[in-house]
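Hi,

Here is the structure I promised to pass on. Have a look at it first, and then read my notes below.

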Amino acid sequence: QNVLQMTATHSNYPDPNNLKFEEIKILGLSQEITSVSVSQNNVVQDYTANITHDPVRKVAVIRGLQLELGKSYTIKWTLNVNVNERFDCYPSPNATKEKCEQLGCSWEQVTANPDVPSCYYSSSNPYSVENVTYSSTGIVANLKLDSSKVRANEASTAPISTLRLEVKYHLNNMLQFKIYDYQSPRYEVPVPLNLPSSPTSSSQDRLYEVALQIKPFGIQVRRKSTGTVIWNSGLPTFTFSDMFIQISTRLASQYIYGFGETEHPTFRHNMNWHTWGMFTRDQPPTYKLNSYGYQPFYMALEEDGNAHGVLLLNSNAMDVTFQPTPALTYRTIGGILDFYMVLGPTPELVVQEYTQLIGRPVMPAYWSLGFQLCRYGYANDSEVAQLVEEMKAAQIPYDVQYTDIDYMERNLDFTLSPRFAGLPALVNKIKAEGMRFIIILDPAISGNETNYPAFDRGVAENVFVQWPDSKEILYSKVLSREEYVNLCVVDAHPLICLVFLLFLQNYVAHCAFPDFFRNSTVEWWKREILEVYNNPDPSKSLKFDGLWTDMNEPAAFMNGAMGGCRNDLLNNPPYMPHLGYRSTGLIHKTPCMEGQHYLADGTPVRHFDVHSLYGWSQTRASLAALHGATKERGIVITRSTYPSSGRWAGHWLGDNTAAWDQLHKSIIGMMEFSLFGISYTGADICGFFKDAEYEMCARWMQLGAFYPYSRNHNEKGTRRQDPAVWDTKFHEISRNVLNIRYTLLPYLYTLMYDAHAHGSTVIRPVLHEFVEDRITWDIDEQFLWGPALLISPVMKPNDRSVNAYFPNASWYDYHTDTNTGFRGQFQNLSAPLEHINLHIRGGYILPWQKPANTTAY
């Protein structure tokens, strides 16, 4: 690249006119040339070239050359690469000039911005396209590897030379492009998608056009109506080896939303050299640390307001890097590249098309839209019963009560602690009063009990994850909660840590992990849950209404497994994506990657490949078990998610902290999960970790009253924070805002149905309704319920007003029914502590009801 080789094959003609080549014109060059060198027989000639560049026409002209006829020359030129155009050639830590140049890349540090990669690609990718077949339904081609251009590879494995590209025009608004090894089958994600049996699009009606760049290889997708290029991967990064796959694309704008699950400070991504890792992990929401879910989907706005979405169906550990080009780079350590693109063209249509592909969100039971209470650390069933009575006495609307793992005997699934012997009777009592009850289940099953039927039956039915090529169960260790681990992380005395580690080693349960991909495991899980519900002893039969599945990343309280892991390559891959605790490898607080799973058809798969699908597989089994037990719709809440988890469950945003910044971040999290097709979402109101403060909890109750999943929940050792525990002023604030929620439940339920039937969003970013207004593209401190209710909460201490944006529509104050007259403007609104600003959009009808203390009465 950037070289012109002039070879004279016949040079015995004497030229009487002494003719010379003096000018070279290069077409299609988007970057400036900074220097030119001319060499003859490997000897650099002394030339001063005159270089001009026309950036509009993309033409460069090199003048002032004196290249004699009959002689061979090599002309090389160097391009001026804008730092924003650099693609990182050494994404691993500790890059050096020597390591960089070993990869065949260029090195230059930018001291003004240390985020700019110092090591960057300076040559094209080594693949080209051959054997192309075009048809009315797509494109098939092979990708040829130029072995003379193969660069040293980050994964210490050779690039694969037997790649095939398939492009399928599935629908007029949806296409797929897939790159895989046609000679040696590789792992592919076993999540079913709703694809037509054969493409049903037509060339005249398709919203997109696809073109291939032959050499170097690239794919270009263009929106037909505007000509906007929305995908362009003809870039130098493309690499495909066994344990390192990389592809980049230029983006149509700086407006990108999605990818998860990670705590993001803004809904729109910051494109200034940020990298986000994806790999499911028991990680409370923390900036730049990969958390519970794995959602490799983004929505993009084009400069004209059209929207599209892109899913990479891959489940291996991955990271994505944004850069201000604007461009995006994917890196994953296994599987294949399997992309699906939906063309919108509106943001709301993007979500509808995406959920048509992955499956529509589950339809929750009406009662599950009521307010809910839980905490980790209830001492006994009497404490729960007292809480119920206190909430009734305060007349605070309230539908659902939980117990965390405290209700279990020694934290064992499907058991009942003697301290909660009265729980079955309490559940029956509150249900008779119109309330509902949800229990928690963790996936890990203790294997060192003397008499634990769930484990014994699981062994008999071969339901647990095993070591490869054996029937030996893979055991790890699981405690009740993260709090014990935090002893050795936060302000711990070394002696405490030592005692804790000895405790882990000697006394914590050796746990097996059910393999929910197997049909036998699904049936075992159903039977164990059914026995909890239908225990022949009425004093042990828990008539729950929903299931809450936690710790299903899967989480462990050691790194790896009992006795250590056995395959260092899988657990510490040559390239470690940008995940939290990279030095630990992939096994941070989770089992070994060589664990063996079996798909329903008996195909063996490695935990390395399906780790991030573990929660997905448990969720699907749990909804079936719930239906089998209760014979009602109910609801399942899951912590770990993957694309299509929303078909079976809702999701809460995990173990957050009682801190003001978490209010704003909960809105961002809910809007992201709206994009991911999971409508029933919310955060732990008032925070899980640490003690909640009065004003923050009051403001959070106001915001949380507009979470689809509205639950106040905190951990053992913290103060109570349920509404009943505070003073009468707090009772009034909670009662009033929850009465508003209960008044609007018919509207919320209608939105939930629209999501389930048509894929619409419930928690709706303002930009979805007003995409023509670019100000809305950055609004993430307000949100909509559907198209018509605007929520503008206070989320900062001591604030008694809120600066709210009113898009160009008529807006009526919910509390006074008056037209505000605000259109297309920010407005400072009064917001005393007892008040949350709500506005109804003109032209819409919201179904209401008279509120009550439960949804039943």
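**What I found**

Leaving aside its neighbours within four places in sequence, Arg331 is in contact with Asp88, Pro91, Phe244, Ile245, Gln246, Ala317, Met318, Asp319, Thr321 and Tyr575. Bear in mind that this is a predicted model. Arg331 sits in strand β24, which covers residues 327–332. Its relative accessible area is 2%, so Arg331 is buried. With Gln246 there is also a polar contact, side chain to side chain, at 3.0 Å.

Gln618 is another one to click on. You'll find it in helix α11 (residues 614–630), and it counts as buried because its relative accessibility is 0%. Not counting residues up to four places away in sequence, Gln618 touches Leu441, Asp442, Pro443, Phe516, Trp525, Thr549 and Asn552.

Asp661 is in helix α12, residues 661–675. Is Asp661 buried or partly exposed? Its relative accessibility is 37%, so it counts as partly exposed. The side chains of Asp661 and Gln662 are joined by a polar contact of 3.4 Å.

On to helix packing. Two packed helices are described by the angle between their axes and the distance between the axes. Helix α5 (residues 453–460) packs against helix α8 (residues 519–533) at about 155°, and their axes are 11 Å apart. Angles over 145 degrees count as roughly antiparallel, and therefore so do α5 and α8. The crossing of α5 past α8 is right-handed. Ala454, Arg457 and Gly458 are the residues on the α5 side, and they meet Trp524, Glu528 and Glu531 in α8.

The other pair is helix α14 (residues 728–743) with helix α15 (residues 745–758), where the angle is about 50° and the axes are 5 Å apart. That angle makes α14 oblique to α15. Arg741, Tyr742 and Thr743 of α14 make the contact with Leu745, Pro746 and Leu748 of α15.

Now for the backbone, which may matter to you when you set things up. Most residues other than glycine have a negative phi, and most peptide bonds are trans. Here are some exceptions:

- Lys215 and Pro216 are joined by a cis peptide bond, with omega about -5°. Pro216 is in the loop between β14 (208–213) and β15 (218–223).
- Gly344 to Pro345 is a cis peptide bond too, with omega near 15°. Pro345 belongs to the loop between β25 (337–342) and α2 (347–358).
- Met551 is not a glycine, yet its phi is positive, at about 60°. It lies in the loop between β32 (546–549) and α9 (568–571). With a relative accessible area of 2%, Met551 is buried.
- Asp817 has a positive phi as well, near 65°. Its loop runs between β44 (811–813) and β45 (825–830), and at 59% relative accessible area Asp817 is exposed.

Last, the domains. The domain assignment of the chain gives domain 1 (3–79), domain 2 (83–120) and domain 3 (127–343). How many Å separate the centres of domain 1 and domain 3? Taken over C-alpha atoms, the separation is 38 Å.

Cheers

Definitions and conventions. Residues are numbered from 1 along each chain as its sequence is written. This is a predicted model: local features need pLDDT of at least 70, side-chain atom pairs count only at pLDDT 80 or more; totals for chains, interfaces and linings use all residues. Side-chain values use heavy atoms; hydrogens and water are left out. Helices (H or I, at least four residues) and strands (E, at least two) are DSSP runs, numbered from the N terminus. Buried means under 20% relative accessible area, exposed over 50%, partly exposed in between (1.4 Å probe, protein chains only). A polar contact is a pair of N or O atoms within 3.5 Å; within protein, one must be able to donate a hydrogen and the other to accept it, and residues adjacent in sequence count only if both atoms are side-chain atoms. Contact means heavy atoms within 4.5 Å. Domain bounds come from an automatic or database domain assignment. Axes are lines fitted to C-alpha atoms, for helices over the stretch in contact, and angles run from 0 to 180 degrees between N-to-C directions. Angles under 35 degrees count as roughly parallel, over 145 as roughly antiparallel, 65 to 115 as roughly perpendicular and the rest as oblique. A crossing is left-handed if the near helix is turned anticlockwise from the far one by less than a right angle, and right-handed if clockwise.
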